[in-house]
Amino acid sequence: MIQWSFVLLVCYDPRTIFNRLRQHQTPDAAKNEGNQYIEGELAYHQEPYPIALSQRIPWVLTLLISLRLANWKTGEASHDRKQPVKPLTRTAFCRHAVYLAVQSFIILDITSILVKEDPYFHIPNASIHSTWPPPSAELPQCLVSVLSVIPPQLMRTAIPAIQAYALITQGGSLPTIPIVMLSGLGL
C-alpha cells in the first residue's frame with residue numbers, strides 16, 4: 001500500500017482528477033443530482049474529492065485499496081471508458097472460478113510429476129545445472145523434447161513459482177464457488 005500511495009502522490013493528483021463512481025439503488029434516486037449518468041439499468045454518481053473530513057477519509061482509503069482503480073474515473077480515456085466495471089452474474093462468476101480451479105489442478109499435477117521425476121528435488125547434493133529433464137524420467141517423448149530446450153536452472157526455479165501461483169489461484173477460487181452457489185439458492 002505504501003508503493004501505491006507513492007505512485008498516486010507522484011504520478012497523479014487524485015484530489016483534482018479522480019472521481020469515485022457510486023452506484024445508486026434506483027436510477028430515480030440519482031436523477032436530481034449532478035455528475036450522474038445511467039448505464040443500462042444502473043445509475044452512477046461521480047463523487048469528487050470530498051471537502052468534509054468525515055467523508056474524505058473513506059474516499060482516500062477506498063482509493064488506496066483499489067489497486068486496479070475499479071469504479072474510479074482517473075482522467076485517462078483508456079481507463080475511464082471501461083468504467084464502471086460490469087459485475088459478473090453468478091453463473092459467469094462460478095464458471096470462471098471453476099475454470100481457474102481446474103487450471104490450477106492441472107498445473108499442480110504437471111509440476112508435481114516434474115518434481116517427482118527430477119532428482120534435484122530429492123537428492124540434497126544434486127546440482128541445479130544437471131541435465132534437464134533427467135535421463136531417468138519416464139515422461140512422454142513430446143514433453144521431453146519441449147523441456148530439453150529450457151535451461152535447467154530456469155526450469156528448476158520456475159517450478160516452485162508456478163506451483164505457488166496455482167495454489168494461490170486455487171485458494172482464491174475454490175472457496176467462493178459453494179458460497180456463490182448457496183447465495184443463488186437464497187441460503
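The legends below describe close-up views of a predicted model.

**View 1. Overall fold of the protein.** The secondary structure consists of 9 helices and 4 strands, arranged along the sequence as α-α-β-α-β-β-α-β-α-α-α-α-α. The protein has 187 residues, of which 30% count as buried. Of the contacts between residues at least 6 apart in sequence, 56% join residues at least 24 apart.

**View 2. Helix H6, residues 90-117.** With 28 residues at 1.5 Å a residue, H6 should span 40 Å, and this agrees with the 41 Å between its end C-alpha atoms. The buried residues of H6 are Ala 92, Cys 94, Ala 97, Leu 100, Ala 101, Ser 104, Ile 107, Leu 108, Thr 111, Leu 114 and Val 115. Their cover includes helix H7 (141-147), helix H8 (152-173) and helix H9 (176-184).

View 3. Ile 107 is one of the buried residues of H6. Apart from neighbours within four places in sequence, Ile 107 contacts Ile 162, Tyr 165 and Ala 166. Tyr 165 is 58 residues away from Ile 107 along the chain, yet their C-alpha atoms are separated by 9.3 Å.

**View 4. Nonpolar surface patch that includes Ile 106.** Val 98, Val 102, Ile 106 and Ile 110 make a patch of about 320 Å². Ile 106 lies in helix H6. Ile 106 counts as partly exposed because its relative accessibility is 45%, a value between the limits of 20% for buried and 50% for exposed.

Definitions and conventions: Residues numbered from 1 in each chain as written. Predicted model: local features only at pLDDT ≥ 70, side-chain atom pairs only at ≥ 80, totals over all residues. Heavy atoms only, no water. Patch = residues over 30% accessible without salt bridge, like charges linked within 9 Å, V, L, I, M, F, W, Y side chains within 5 Å. Areas by Shrake-Rupley, 256 points an atom, 1.4 Å probe, with all protein chains shown as cover. Salt bridge = Lys/Arg side-chain N within 4 Å of Asp/Glu carboxyl O. Helix = DSSP H or I, 4+ residues; strand = E, 2+ residues; numbered from the N terminus. Buried < 20%, exposed > 50% of the residue type's maximum accessible area, 1.4 Å probe, protein only. Contact = heavy atoms within 4.5 Å. Expected span 1.5 Å × (residues − 1).
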